[in-house]
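Please keep the sequence and the model in view while reading.

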2 protein chains.
Amino acid sequence: MAPTKPMAKVCHYTDIPSHPFGDEAPGVFIRWLIDKEKDGAPFYALRLIEVMPGGHTPRHTHPFEHENFVLEGKGRVMIDGEWHSVEPGSVVFVPPDVEHTYVNEGTEPFKFLCGIPVPDLIPKEG
Amino acid sequence: MAPTKPMAKVCHYTDIPSHPFGDEAPGVFIRWLIDKEKDGAPFYALRLIEVMPGGHTPRHTHPFEHENFVLEGKGRVMIDGEWHSVEPGSVVFVPPDVEHTYVNEGTEPFKFLCGIPVPDLIPKEG
């Protein structure tokens, strides 16, 4: 597939489809705000994650980082066994190869931005 | 200088120092939320830009992209001669090598996130 040429884009995040994250993440939905495949983003993809009350992301490890900014709601983030409470305006950096999970601790959706490298920059596992 | 090892970080954005952007950007302040130098971010830096009422960023072009998410206030963004109104929740992708500027159009601070590649990934100009 030919690489996508980077194209300017301006929209509202609610214009971008929301998809269930998957069975390993109950109550979690993801919007790919800017990525390589559709926008030609050269280095990193920006996603918006919504965790419904009672929901959480997988407790997992992978060889790439997360750069987060909390938009709405109340949550807790576990990084390498340590738990942190977060709120709108919180900044979170999860380094590569460190176990982590995000949990909704409130009664409203917990929404945060999550940046990751584009697929061809993700280091190979193992 | 030895590269910084990626280190977990959780804080509030207001804990991170705000610096004037410079003479070419009247009324503009920047916080480097996550970057390579202090956090060991491998691919991209996350910044928070605050544009005071009446302020604007430089009208300029550079060989790297911006990935933006608007947090507060009302603004207008010019990309390659086209103007767009933006509000909280707006998503903006400015491709590399395209002229752009951000203008506060309201009476409150206009705040947005702005991701860029880390210095060693920025393509050389010319």
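In which sense do E8(A) and strand E1 of chain B pair, and over how many bridges? In this predicted model, strand E8 of chain A and strand E1 (residues 9-12) of chain B pair in the antiparallel sense, and four bridges connect them. Within this pairing, Val92(A) stands opposite Val10(B), which belongs to E1(B). As background, the strands of a sheet pair through backbone hydrogen bonds, and they may do so in a parallel or an antiparallel way.

The contact between the two chains involves 39 residues of chain A and 39 residues of chain B. Several elements give two or more residues to the side of chain A that touches chain B, among them strand E1 (9-12), strand E3 (28-34) and strand E10 (110-117) of chain A. The element that gives the most to this side is E8(A), with five residues. The residues on this side of chain A divide by type as follows.

| Type of residue | Number on the side of chain A that touches chain B |
|---|---|
| nonpolar | 27 residues |
| polar | seven residues |

Strand E6 (residues 75-79) of chain B runs antiparallel to E9(B), and five bridges join the two.

How values were computed. Residues numbered from 1 in each chain as written. Chains lettered and ligands numbered in written order. Predicted model: local features only at pLDDT ≥ 70, side-chain atom pairs only at ≥ 80, totals over all residues. Pairing = 2+ DSSP bridges. Contact = placed C-beta atoms within 7 Å. Nonpolar A, V, L, I, M, F, W, Y, C, P; charged D, E, K, R; others polar.
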